[in-house]
Amino acid sequence: MKLIVAIVRPEKLSDVLEALFHADVRGLTISRVQGHGGEIEHVENYRGTSVKMALAEKVRLEIGVSNHFVQPTIDTIINAARTGEVGDGKIMVLPIEKIYRIRTGESDQDAVTPVH
Amino acid sequence: MNNADIAWMLVATALVLLMTPALAFFYGGLVRSKNALNTMMMSFVALGPVAVVWALVGYSLAFAPGGPAIGSLAFAGLRGVGLEAQGTIPHLLFMCFQGTFAIITPALISGAVVERMRFNAYLAFITLWVVLVYAPVAHWVWGGGFLASMGALDFAGGAVVHVNAASAALVAALVVGPRKDYGRHAILPHNVPFAMLGAGLLWFGWFGFNAGSALSAGTTASLAFANTLLAPAATLATWTLIDLLRGGPVTAVGAATAIVVGLVVVTPAAGYISPASAIAMGAIGAFPSYFALIYRAKTKLDDSLDVVAAHGLGGATGAILTGVFAEAAWSGGPNGLMGGNPGQVLTQLASVAIVLAYSGAMTFTLLKLLALVMPLRIGARDEGVGVDVTDHGEEAYTHGDGAILVKPKETSVARSAVDAVAVSSGGQL
């Protein structure tokens with residue numbers, strides 16, 4: 001089991017979600033975050049005050065998956081989120097000690113297997 | 001001159017001017033947050049260049065004595081437009097009142113091209129459009145042009161303002177092309193309360209638009225005022241009823257839209273019909289727009305904020321129904337179909353068709369010529385980022401986190417945050 005954490009462009013979120021659902025990845029959590037990934041900051045102006053926006057809006061996806069789902073999930077996100085420009089984001093794969101499904105108390109593999 | 005008339009027309013002019021910021025809120029609420037400022041600016045900016053070219057040449061082309069197709073340059077630069085009487089009010093005040101109409105009409109078009117049209121191309125477009133399209137059409141109906149001679153009835157601008165803007169909107173949506181996400185992803189309104197605020201303020205301002213079009217403070221203004229209250233009320237009631245009968249919920253965006261549709265429908269008729277007819281017109285007028293909205297979303301036509309369904313169909317329905325319901329007993333003017341004058345319906349139809357054709361053809365030509373000089377739309381990547389950042393360098397809802405102050409002397413600012421001040425305390429922007 002792995003926890004896949006992906007940081008993607010907000011405007012690519014719909015594409016990523018659509019692709020993930022097609023790939024049968026059904027359990028995920030997203031949050032709106034801000035970050036800096038080496039992209040060129042854009043400058044904004046407010047009444048004579050110029051600011052460089054060093055943090056860009058991003059979306060973080062957190063997906064707990066069983067082992068045989070790890071690579072397909074990563075490939076899906078890379079394909080859907082890529083624009084080729086700096087700032088497309090990152091994918092991090094973390095080990096998971098335990099997973100529980102709250103509703104049933106199932107753990108580990110059973111907890112991340114979708115119920116049909 | 002009559003001081004009561006002057007007092008009312010001063011107020012009415014200010015009321016109509018308020019409609020342009022109101023439209024900014026109506027449209028601004030209906031787009032995604034990354035395009036909120038751009039969409040609102042598309043309306044707001046009309047208050048600048050459009051008003052200036054109106055004063056310099058537009059007013060003259062529309063209202064200076066001329067031929068059946070266009071006025072003349074006799075009033076160019078406001079020459080000869082002073083405090084002398086024009087009817088019962090000063091000529092200058094009449095020019096201002098007409099100017100507020102000239103400002104909002106091009107702003108209406110923006111609803112068809114939001115979220116992807118390049119701002120400088122839009123700016124050039126509306127500035128030229130108000131001179132080349134709005135001014136002649138206003139002349140045809142209100143400046144003694146050929147539609148007036150034909151006997152076409154357009155009390156406050158059903159054809160001049162709404163059909164005119166909607167025809168341009170249809171062509172602009174086709175020429176500029178759909179948003180890259182249109183039909184692929186759900187594109188949702190980011191602030192429905194803004195849209196409702198806008199609709200409310202539009203209604204408020206529309207009392208100036210319609211009752212002010214009486215150009216006096218008398219009984220005609222009172223009739224137009226009553227009809228401006230009753231027709232949108234009937235449209236809203238009917239819209240709600242259609243929602244319920246179709247088994248759906250009564251939506252807020254729908255209600256805001258219904259109010260605008262009702263106002264558009266009654267605009268050409270406001271001073272010509274009885275209050276009972278206004279209720280009938282408002283109710284009938286709900287149907288074409290209601291179903292056109294549903295149909296349009298299933299098509300490839302990305303008229304993003306439904307200018308055609310709301311203003312085009314509403315305006316055309318209103319203009320044609322004016323020919324049905326016009327009552328000499330109320331207005332002292334001509335009768336319509338109900339008063340035994342079926343010919344009026346045909347005159348109304350002809351006026352709609354003529355405005356539609358002229359506005360569409362001119363808008364097409366204008367946009368194609370502009371496209372030779374500058375790109376009309378932003379790139380796909382910029383569309384993803386949003387027009388607020390790409391074309392205005394601002395965001396509607398920034399919290400200032402990670403905003404690094406660019407110091408005046410530094411031309412190339414260091415990339416590290418160490419030698420720069422992060423403006424995160426708020427209120428400093």
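A crossing of two helices is called left-handed if the near helix is turned anticlockwise from the far one by less than a right angle, and right-handed if clockwise. The model is predicted, and local features need pLDDT of at least 70, side-chain atom pairs count only at pLDDT 80 or more, and totals for chains, interfaces and linings use all residues. Residues are numbered from 1 along each chain as its sequence is written, while chains are lettered from A and ligands numbered from 1 in the order in which they are written.

In chain B, the axes of helix α11 (residues 275-296) and helix α12 (residues 307-325) come within 9 Å and cross at roughly 150°, which makes α11(B) roughly antiparallel to α12(B) (a term for angles over 145 degrees). Axes are lines fitted to C-alpha atoms, for helices over the stretch in contact, with angles running from 0 to 180 degrees between N-to-C directions. The crossing of α11(B) past α12(B) is right-handed.

Between the chains, the contact takes 17 residues from chain B and 17 residues from chain A. On the side of chain B that touches chain A, β3(B) gives the most, with three residues. Strand β4 (residues 49-53) of chain A pairs with β3(B) in the antiparallel sense over three bridges (pairing requires at least two DSSP bridges), and the partner of A:Lys52 in β3(B) is B:Ile404.

| α11(B) with α12(B) | ten residues | six residues | one residue |

Helices (H or I, at least four residues) and strands (E, at least two) are DSSP runs, numbered from the N terminus.

Definitions and conventions:
Parallel < 35°, antiparallel > 145°, perpendicular 65-115°, else oblique. Nonpolar A, V, L, I, M, F, W, Y, C, P; charged D, E, K, R; others polar. Contact = placed C-beta atoms within 7 Å.
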